[in-house]
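My entries follow in the order in which I looked.

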Amino acid sequence: MMDKKTLCYGLVALSTLTASLCAQGPAPQHPLDGLTTNEYWTVHDVLEHSGHMTDSTLVTSLLLHEPDKTNVLVWKAGDAIPREADVILEAEGKTVEARVDIAAHRLESWKEVPGVQAPITQSELDTMSEVATKDSRVIAALKHHGVTDLSSVRCEPIPITFIVFPEQTSRRIGYGNCTDRHGAYHAWGREIDGVYILADLTSHKILQVVDHGMVPPAGIPDYEEADATPLPGTKPLLVTQPFGPGYTIDKGEVTWQNWHFRFRLDPRVGAVLNLVQYKDGGKLRSVMYEGSLSEMYVPYMESGEWWNSRAFLDAGEFLMGGLIRPVGPDDCPAHAQYFTGLAPSEKGTPVFEPHLACLFEHAADSPAWRHSEGGIISGRPSRELVLRTAAVVGNYDYMLDWVFQQDGTIRVAVGATGIVETKAVAETTAPSQMNHDRAKPEYGTLVAPNQFAIDHDHYFSYRLDLDVDGPNNSFMVDRLVPQKVSGQARTSIWAVESSIAKTEKDAILDLNLRKPAMWHFINPNQHGAAGYPTGYEIMPGATAVSFVSPDDPAQKVGAFSEHQLWVTPYRPEERYASGVYVNSSKGLEGLPAWTAANRAIENTDVVGWYTLGFHHVVREEDWPVMPTLWHDFLIRPVNFFDQNPTMTLPHQP
Ligand SMILES: [Cu+2]
């Protein structure tokens, strides 16, 4: 058996192909490093000896509690490293928040939080499936659907993010249906639709079984057995770095070209980048204190009684095993370096996660700059550094990239793939109204016989604590406005009008092609050679806004999706765009609640929240597994440098 410690802590350095590093190292080397194995065990032991734990108490979240930002910014190697953990526990239907001082082996606080539901755990789902498949009402309903061999049946009462059933206001409730993976490798697309189960996850009681009719069992997607067929003419395409990677990692700090940054792999939100700096003229300049995903929201467009509970807040509702899962050899290039990570078990012990992220350089497919003059082409090739993770949320897989460019830009990208969620229907071909009556609205696409993929949205909120040349920044909107011109050959041009957002409500912004604007985070106290304040902008790519009515109860929980940009004053506890607790939520937590106070955001430490999203009208090509669909946005310097920082790049990429 492989010694995990060796794999985790020792650089397997004979070849970069197999190099595997622990993102967090054997002992923390920096206050923002992820919790280590020893630290998980300390937290576990402190909780176990606290006198509060019973056999049924579940650790539903265990995360690093970041030290105070002002202390981190002055921290230097050799200083003591403050280490604390935040734990959310489920204690017989009650939600408890605990904080543990790791260095002192001390429980700092243990407090019940009324009116909220902790994230759902795997054992709750496993237990309920066992209970359900022994329940006489479920057995009878499944028999009615022709399913009598229950050995391959799983009934999963999944979490519900918004209030669908009155029971949710006082109890820990799951709701869902059964799948039969008999004859298949996995259960997606194998739903025994028609049988629905409402369950109390605390008392392990099935509250209600509904059988609303007979739906034929769905076909088997069988994608895992797809032949890998060589394409004629395909020749090897190799990218190698025979002399090793062009970056270094020293005590957890990644240095590549002029970039410096740290990262940890957080069980709730995945990669958390910290202390992102750019070396400019020998001086390290701050760009971003912290950047990470904050929340995800995937509402389905099916209003029918048995499906309308499906609106997922994927980062916060179910944390077990962590949001990100291992990446494989087809996810990252052969020369990539892999990083291991840890996630908590339901007892707060560490669970080792191999290959949880990969890091690699690649030659960009376009020049950093070029100009052709008099037949002479001047220019420079460019390369990029990619930190890649993969979130796996039930049926969906998301590739999550942070891409560092040589020109000072960070590109943040999400690639959506995995299996679209289908509802079993009687039809084996598109119903006539889909073909002929275009006046009738549709809510999905028949991707295979009996498999109706429901349309839905995907929204990702990114929390971006930009610290451009220091923590105190302002948010400036540069609006492009039409200008009338008279007495000239032109009658109309446009001009840029800048305004500083004074308070949060000035900075809740939407994209509008008719009213373009630049979203510009400036340091009003630092100016470049030309006199402009130094800055970085958040530059949207193709994205979407939720136009589901704001009073829709699911939309209230994912309310961050109504706007592309929010800006808040930095508050260490404001980390998740829909709040900490998204199960059975009444909604309007997180960004809408915080910004209601309309706090001042001028010349202070501010945090930008960008929503990347897309509407997913499912295509037949999205079955049985969706081709990866990428969306991105840029964090881009604006007057941060005095000129193009890639002028002096070498000619070798
Ligand atoms: Cu989708």
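Entry 1: I began at Ala91, which stands opposite Lys94 in β4. The model is a predicted one, in which local features need pLDDT of at least 70, side-chain atom pairs count only at pLDDT 80 or more, and totals for chains, interfaces and linings use all residues. Residues are numbered from 1 along each chain as its sequence is written. Helices (H or I, at least four residues) and strands (E, at least two) are DSSP runs, numbered from the N terminus, and two strands pair if DSSP finds at least two bridges between them.

I found that strand β3 (residues 84–91) pairs with strand β4 (residues 94–101) in the antiparallel sense over eight bridges. The two form a hairpin with two residues between them, and Glu92 in the turn has a positive phi of about 50°. I then followed β4 to strand β5 (residues 106–112), with which it pairs in the antiparallel sense over six bridges; here Arg99 stands opposite Ser109 in β5. The hairpin of β4 and β5 has four residues between the strands, and His105 takes a positive phi near 50° in it.

A residue is buried if 20 or more other C-beta atoms lie within 10 Å of its own, exposed if 12 or fewer, and partly exposed in between, with C-beta atoms placed from the backbone.

**Entry 2: the domains.** The chain is divided into domain 1 (29–112), domain 2 (122–223) and domain 3 (255–365 + 382–437 + 453–638), with bounds that come from an automatic or database domain assignment. Which elements give two or more residues to the side of domain 1 that touches domain 3? They are α2 (37–48) and β2 (58–65). I read that 20 residues of domain 1 are in contact with 18 residues of domain 3, where contact means that the C-beta atoms, placed from the backbone, lie within 7 Å. The C-alpha centres of domain 1 and domain 3 lie 27 Å apart.

**Entry 3: the cores.** The largest nonpolar core has 123 residues, and those with the most contacts inside it are Ile197 and Trp609. Such a core is a set of buried Ala, Val, Leu, Ile, Met, Phe, Trp, Tyr and Cys residues joined through C-beta atoms within 7 Å. Strand β15 (residues 283–299) gives the most to this core, with seven residues, and the core draws at least three residues from each of domain 2 and domain 3. Leaving out residues up to four places away in sequence, I listed the residues that Trp609 touches, among them Ser294, Arg463, Phe560 and Trp566. A second, separate core of 19 residues includes Leu35, Ile88, Leu89 and Ala98.

**Entry 4: helix α4.** The buried residues of helix α4 (residues 122–132) are Glu124, Leu125, Met128, Ser129 and Ala132. They are on the same side of α4, because they cover an arc of only 130° around the axis, the arc being that of the directions from the helix axis to the C-beta atoms. What covers them includes α5 (136–144), β8 (173–180) and β9 (191–200).

**Entry 5: Leu385.** Leu385 lies in strand β22 (residues 383–393) and counts as buried because it has 22 C-beta neighbours inside 10 Å. Apart from neighbours within four places in sequence, Leu385 is in contact with Tyr247, Trp256, Trp259, Glu361 and Phe404.

**Entry 6: backbone exceptions.** Most residues other than glycine have a negative phi, and most peptide bonds are trans. Is Lys251 buried or exposed? With 10 C-beta neighbours inside 10 Å, Lys251 counts as exposed; its place is in the loop between β11 (247–250) and β12 (253–256), and its phi is positive, about 50°, although it is not a glycine. Gln257 also has a positive phi, near 50°, but Gln257 is buried, with 20 other C-beta atoms within 10 Å. Lastly, I noted a cis peptide bond that joins Trp623 and Pro624, with omega about 0°; Pro624 lies in the loop between β34 (604–616) and β35 (626–638).

Definitions and conventions. Contact = placed C-beta atoms within 7 Å.
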